Amino acid sequence: MDPKDEIKSKIDLVEVVGSYLPLKKSGRNFSALCPFHGEKTPSFMVSAERQAYKCFGCGESGDVFTFLEKMEGWDFRETLEELAKRTGVRLKSFGSSPATKLKEKIIQINKLASKFYSYILFDHAQGKVARDYLLGRGIKKSSWEKFGLGYAPAGWENILKFLEKKGFTHPEIATAGLIVSRQSNSARSQAAMQGGYYDRFRKRIIFPIKDAKGQTLGYSARLIGESKEAKYINSPGTPIFNKGSVLFGIDIARGAIRDKNQAVLVEGEFDVISAQQSGIENVIASKGTALTDKQVALLSRYCESVILAFDTDLAGDLAARRGIELLDHADITVNVASLGKYQDPDQFCRKDPAGFNKALSQSVNIYDFFIDSAIRRHDSETALGKKNIGREVIPTISKIADDMVRAHYIEKLSKVLNLESVLVADAVSKKRNDLFAKEPQGFPAANQASQNTKKPQISKEDYFLALFVLPKEIEKKILSMLAPEDFEKDDARKFWEWTRDIMKTSKTNSQETLFKKLPRDLAGFVDHLFLININPAFSERELWVLEIVKIADSLKRMSIKRKLADISNNLRKAQSTGDQAQIATLAKKFDKVSEKLKSPNPNE
Ligand SMILES: [Zn+2]
């Protein structure tokens, strides 16, 4: 068996997909909201029997390999290696791909770098300034350990020399983002020295940013002392690090997030650490208010609800609003905690840990928050005030994906403004039409709205065949109702022909046994048939027979009509050339075929 097939036989696609998306049983299949396009009614289907998936909205389809390639951004080789690891399948024929090797190397470099930075923070004389700083901020030593904090000392070649001694080349260390090429940088350093590299992080507290498994992907670093440099800097993008797809603290918080089915989202590293010190275990940082779809996807693996404890004024922050839309569309409930008089969660936790906990438990739904915030700033009694509140809140309400939730806030807003709810509902639906007309890409709801209006069409032939493969045994009677040429589509015709042929010699009717012999070029088509959702009522045999015979009958009629159209065509040609013999033959044929249309007896 080739390793791909061996892996596929050892891993369950339903389980793999289920670790990314909530799957619901739907007939013989499982369904979910498609991760590859925005939608609010699930058209993403997964078949356990076929180990295949297909989205009937955007057309994405494939197996466990293509699924992981798309979800994780891996290439085939990486996916193969990862799945081989998970299933214990040995890959003899080739070693790791260059991409995988490089990633492994960077992880190794980061591991050593973290050790170096931690050593400076904990034990080295140069780390005293950082130790004093952290203790001064109330960050306990146990937290330094928990988060793997470190300190990058002053100097231009500390980490460089250290990793060089460990056997890494400068380009490798630079790829990991820890050193910077002088050539690529400013004139100042070019003037200072010719060529070579220097440490990226200097005089900074080091926060390792890890994935859920605890592997360090990159760093965030906070400046200590006075300087014109930015207070916080991050690792640049590397083959394993992308600022937009990580959540600081996820490795520590993920268990608690799963248990509580809720995450507390803050902006910065110190917010996370202080909250953890106050006993709030499900806290992570998005590193800024602008949540990305990757971060939302990561979060949605762990919970269905998020409390935002941001220092920024959410009502006025466009980036935050966009992130909230992303969360909403991922079906994550968003609440907002008020920080009161405190600057940020870090300060709040240090001054009043119990108070912060209380603020979390009193968090309000984001839409209530938006409405309340608008009312506070505008006079809801005056016409102008109403207009301003509407202008601010209606676009937000319009973007709520769930119909019920949207209706609830339309009701609330109309009460607050003392207006008929029909008026508000009208304004919202007008806004929705505008949004969906004007934003063909980017905003997920827009795509999905235009796609949802055109429900994906499944052809009658495909529907018939999907019904045909529903029972566990092949029905010979149904098989004899149609000939391969009755199908218009190539795949359908080939499938029917193959099934008919194999049934002639086969001793068993068992679909499972027969489909094991399915030729490769038909496998994709059969996947497609299995993934078409059939009304569960048709698992009742009598209803199934009624339905499939009805559809077979209608396909037969369609086929006869196509044949008749063909004959008429030829007849017209014969008439134009005056070929009497041909005309007579065709006319006879026409009569004979149209007889069938009256009673399309399939067994004839
Ligand atoms: Zn899709």
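Me: Is Thr87 buried or exposed?

Reply: Relative accessible area decides this: under 20% is buried, over 50% is exposed, and anything in between is partly exposed, with a 1.4 Å probe and protein chains only. Thr87 has a relative accessible area of 17% and is therefore buried. Thr87 is placed in helix 4, where helices are DSSP runs of H or I with at least four residues, strands are runs of E with at least two, and both are numbered from the N terminus. The model is predicted, so local features need pLDDT of at least 70 and side-chain atom pairs count only at pLDDT 80 or more, while totals for chains, interfaces and linings use all residues. Residues are numbered from 1 along each chain as its sequence is written, and side-chain values use heavy atoms, with hydrogens and water left out.

Me: Which residues is Thr87 in contact with, leaving aside its neighbours within four places in sequence?

Reply: Contact means heavy atoms within 4.5 Å. On that basis Thr87 meets Ile7, Lys10 and Ile11. The C-alpha atoms of Thr87 and Ile11 are 6.8 Å apart, although 76 residues separate the two in sequence. Helix 4 (residues 76-87) also holds Thr79, which is buried at 0% relative accessibility. With neighbours within four places in sequence left aside, Thr79 is in contact with Phe65, Leu68, Glu69 and Trp74.

Me: Which protein atoms are the donors of the zinc ion?

Reply: Donors are N, O and S atoms within 2.8 Å of the metal (3.2 Å for Na, K and Ca); water is not among the atoms, so sites may look incomplete. Here the protein donors are Cys34 (SG), His37 (ND1), Cys55 (SG) and Cys58 (SG), at 2.0 to 2.3 Å from the zinc ion. Their spacing in sequence is C-x2-H-x17-C-x2-C. Cys34 belongs to the loop between strand 2 (29-32) and strand 3 (44-47), and Cys58 to the loop between strand 4 (52-55) and strand 5 (61-62), so this pair ties together parts 24 residues apart in sequence. Cys34 is buried at 7% relative accessibility, whereas Cys58 is partly exposed at 33%.

Me: What arrangement do the 4 donor atoms around the zinc ion make?

Reply: Ideal angles for four tetrahedral donors are 109.5 degrees. Four donors count as tetrahedral if all angles lie between 85 and 135 degrees. The 4 donor atoms around the zinc ion subtend angles of 102 to 119°, which makes the arrangement tetrahedral.

Me: How are helix 18 and helix 19 placed relative to each other?

Reply: Two packed helices are described by the angle between their axes and the distance between the axes. Axes are lines fitted to C-alpha atoms, for helices over the stretch in contact, and angles run from 0 to 180 degrees between N-to-C directions. The axes of helix 18 (residues 383-398) and helix 19 (residues 403-417) come within 11 Å and cross at roughly 175°. An angle over 145 degrees counts as roughly antiparallel, and helix 18 and helix 19 are therefore roughly antiparallel. Residues in this contact include Ile389 and Val393 of helix 18, and Tyr409 and Leu413 of helix 19.

Me: What is phi of Asn261?

Reply: Most residues other than glycine have a negative phi. Asn261 is not a glycine, yet its phi is positive, at about 55°. Asn261 lies in the loop between helix 11 (250-260) and strand 12 (262-266).

Definitions and conventions
Angles under 35 degrees count as roughly parallel, over 145 as roughly antiparallel, 65 to 115 as roughly perpendicular and the rest as oblique. Four donors count as tetrahedral if all angles lie between 85 and 135 degrees; four count as square planar and six as octahedral if opposite donors are over 155 degrees apart and all others between 65 and 115; anything else is irregular.
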